[in-house]
Amino acid sequence: MSQRHPWKVSLHGGHSGEFCEHAVSTLREVLEAAVNAEFSVFGVSEHAPRSQARFLYPSEVEKGYTLERLHQEFAAYEAELARLAEELQDRLTVLRGFEAEIVPAEGYREEMLAHRRRFEYMVGSVHYVDEIQIDGSQEEFDAALAGAGGLEALAVRYYEAVAAMAEALRPEVVGHLDLIRRRAPLDADLATPAIQKAADRALEAVAAADAVLDLNTAGWRKGLGGPYPAPWLVARADAMGIGFCFGDDSHGPQDVGAGVEAARDYLLEHGVSRVRRLNRLDGAIVKEWIPL
Ligand SMILES: [Zn+2]
Ligand SMILES: [Zn+2]
């Protein structure tokens, strides 16, 4: 029978090839993997559709994706997720979420809050600085660097965007807090005094929104040598009373549960002895502290 641990939760992931161009497999296959990985709660957070063609990824353009298709797939995702959450309820608590975007700079808030009304929770993520993607191609990252005037300035702008997003959207979960590491040189100093100050502001906004921070295991898979966020941010957030919850950021069954045990060890090593998970109780979403 199930050995499900209460702390074994992912709130960020569950992307599937059925509804996401850069993921694989069906949502059902992803959720079957989550059952097999013995999660207690598994939140699914497919990407919200972008609303302007200039934000289509090069890989999407290549495959002939259109805005219309993104929106159709997102509507189909909403329906299929509701169906599967109900079907699987005796084996796994599946939470119905999505991952927000902060583009276009003008207007994203209304769009994302409109999506939010149809789901149980939102993962607020910043994938763009000044409308340039920072976790896409190296070319785009370099354009963002040039636009900001260097890595420190870009990192400051990034954390300012995280703070603004948290204030504008008040998401239940804030995704991969230091995603700015994704394309930066591994030996770059991303904790200069100016960056720390901007990150502290972002954390204050996260705390004010009562959001949970995503302890995101994709950092290991992307060769960063650790999850998001880095230890100094874990310590700062923990000292401010902000809770963490795991996110496998899965983009197919192969990623489901990947790194979650290691992420538990990582939190314990850095002095965090509990997670804060979302759960569904009597039909409502609640936040619960769970010991590790
Ligand atoms: Zn993705
Ligand atoms: Zn993301």
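Where is the place of Pro229? Pro229 sits in the loop between α8 (218–221) and α9 (231–239), and the views below take this loop and some others in turn. The model is predicted, and local features need pLDDT of at least 70, side-chain atom pairs count only at pLDDT 80 or more, and totals for chains, interfaces and linings use all residues. Residues are numbered from 1 along each chain as its sequence is written, while chains are lettered from A and ligands numbered from 1 in the order in which they are written.

View 1. Pro104 belongs to the loop between β3 (93–99) and α4 (108–116). Helices here are DSSP runs of H or I with at least four residues, and strands are runs of E with at least two, numbered from the N terminus.

**View 2. Asp130 and its positive phi.** This residue other than glycine has phi near 50°. Asp130 lies in the loop between β5 (128–129) and β6 (132–133). Asp130 counts as partly exposed because it has 15 C-beta neighbours inside 10 Å; the class lies between buried (20 or more other C-beta atoms within 10 Å) and exposed (12 or fewer), with C-beta atoms placed from the backbone.

**View 3. Asp249, with a positive phi of about 50°.** Asp249 is not a glycine either, and its loop runs between β9 and α10 (260–269). With 27 other C-beta atoms within 10 Å, Asp249 is buried.
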